[in-house]
Amino acid sequence: MKKALLVCALLASIVGTANAMAIPTTNAYVATVLGSNAYTIQNGGTQLYFHPQPDTQYTWNENNGSASETLATYTYNGVTYNRDGMKTFACSSVAYGKTLGSVKIEFDYYTGADPTTGINIVYYPTVNFFVTDGTGHYAIWSATSGGTPFSTAATGETGWSRFTLDLTSLSNSTWGQMNEYNGGTTAKPYWDTIKNWTIAGFYDYQRTPEGGFEAWDNTLWADITNVGTLDTTLNQYGISLSWGDTVGGMYEDGNGEIGSAANRPYGQAGRMIKDYTISVGETTYDVVFVPEPATIAILGLGAFCLIRKRK
């Protein structure tokens, strides 16, 4: 009896030590806007494939879903096209309420033939941070749109490279790209202007689908576009890896076409990433990709109904 107790105590000690040493995890919720599940979660949640994001018959409008002439179309090289693209977001809340300058993210990205179209995947997805200065100004700071230094390096695995963006060590003179903002800074602010902005989710200047996010089967969280709310239940999803565009038909309005048939340079191939980590201060989190909560709820309801039927 004493030996059994000793073995149990030893096992408990080993498990406890292992748990203490385990790297914490956090979720990145994945959802598609203006489409349905245009992504595949793989390898137990450690890998995400962003499908090619085609044109749709829908348009992007104001936050409240109202139509707008200025948002429904886009002019490129003197030609006007419908603003009809779609996007898949993988958003994390782990850095909610923290400063922009306290974060480091890393992930592996794939270069090679897209599994859907065969077109070559050559880069990583878009890296966006949703931030506020705390005085009513909100912005999408796009770390991969230009100006912000990051590094890429081969991992040794065929087709895969490591992307590293360390915001804890940028110089004050570094400039970054504000893709959308509602005042308070320039479109290309220097780092000393925004490094202390708070990571705080989506906001009212974000482009949304006709009818609002909640009009679609993948809603990207019903409350995500609440205006200016620093609340623990709203606007938490401030770090986003996304693929696609609000303007799907840059050269031709394809209405659902992908690949070479769409005749457009952006979004024709997908993106594939894995082994995503987010460091906030001294803590590093392994990120697990999961469907956004509305999708999970629907799947759970289906399983419950199946169990009831079997009984």
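**Chat around Lys 274**

Trainee: Starting with Lys 274, is it buried or exposed?

Mentor: Lys 274 is buried, since its relative accessible area is 12%. Buried here means under 20% relative accessible area, exposed means over 50%, and partly exposed is in between (1.4 Å probe, protein chains only).

Trainee: What sort of model is this, and how are residues numbered?

Mentor: It's a predicted model, where local features need pLDDT of at least 70 and side-chain atom pairs count only at pLDDT 80 or more, while totals for chains, interfaces and linings use all residues. Residues are numbered from 1 along each chain as its sequence is written, and side-chain values use heavy atoms, with hydrogens and water left out.

Trainee: OK, where is Lys 274 found?

Mentor: In strand S19, residues 271-280. Helices (H or I, at least four residues) and strands (E, at least two) are DSSP runs, numbered from the N terminus.

Trainee: And which residues does Lys 274 touch?

Mentor: Leaving out residues up to four places away in sequence, Lys 274 touches Thr 46, Gln 47, Phe 107, Asp 108, Glu 157, Trp 160 and Arg 162. A contact is heavy atoms within 4.5 Å.

Trainee: Which ring does Lys 274 lie over?

Mentor: Lys 274 lies over the face of Trp 160, at 4.4 Å from the ring centre. To qualify, NZ of Lys or CZ of Arg has to be within 6 Å of the ring centre and within 35 degrees of the ring normal. Arg 271 lies over the face of Trp 243 too, at 3.8 Å from the ring centre.

Trainee: Switching to salt bridges, how many does a search of the whole structure find?

Mentor: Three. The rule is a side-chain nitrogen of Lys or Arg within 4 Å of a carboxyl oxygen of Asp or Glu. In one of them, the side chains of Glu 157 and Lys 274 meet at 2.7 Å, N to O. Glu 157 lies in the loop between strand S13 (151-154) and S14, and Lys 274 in strand S19, so this pair ties together parts 117 residues apart in sequence. Glu 157 is partly exposed at 40% relative accessibility.

Trainee: Which residues are linked in a network of salt bridges?

Mentor: Glu 106, Asp 108 and Arg 162. For Asp 108 and Arg 162, the closest N and O atoms are 2.9 Å apart. That pair links distant parts of the chain, with Asp 108 in strand S8 and Arg 162 in strand S14, 54 residues apart. Asp 108 counts as buried at 8% relative accessibility. Glu 106 also bridges to Arg 162, with closest N and O atoms 4.0 Å apart.

Trainee: Now aromatics: how many pairs does a search of the whole structure find?

Mentor: Twelve aromatic pairs. Tyr 110 and Trp 160 form a tilted one, 5.4 Å centre to centre with 55° between the planes. Tyr 110 lies in strand S8 (residues 103-110) and Trp 160 in strand S14 (residues 160-166), so the pair ties together parts 50 residues apart in sequence. Rings of Phe, Tyr and Trp (its six-membered ring) pair if their centres lie within 6.5 Å; planes under 30 degrees apart count as stacked, over 60 as edge-to-face and the rest as tilted.

Trainee: Last one, how many residues has the largest nonpolar core?

Mentor: It has 38, and Phe 107 and Phe 129 have the most contacts inside it. A second, separate core of ten residues includes Ala 38, Met 86, Cys 91 and Val 290. A core is a set of buried Ala, Val, Leu, Ile, Met, Phe, Trp, Tyr and Cys residues joined through side-chain atoms within 4.5 Å.
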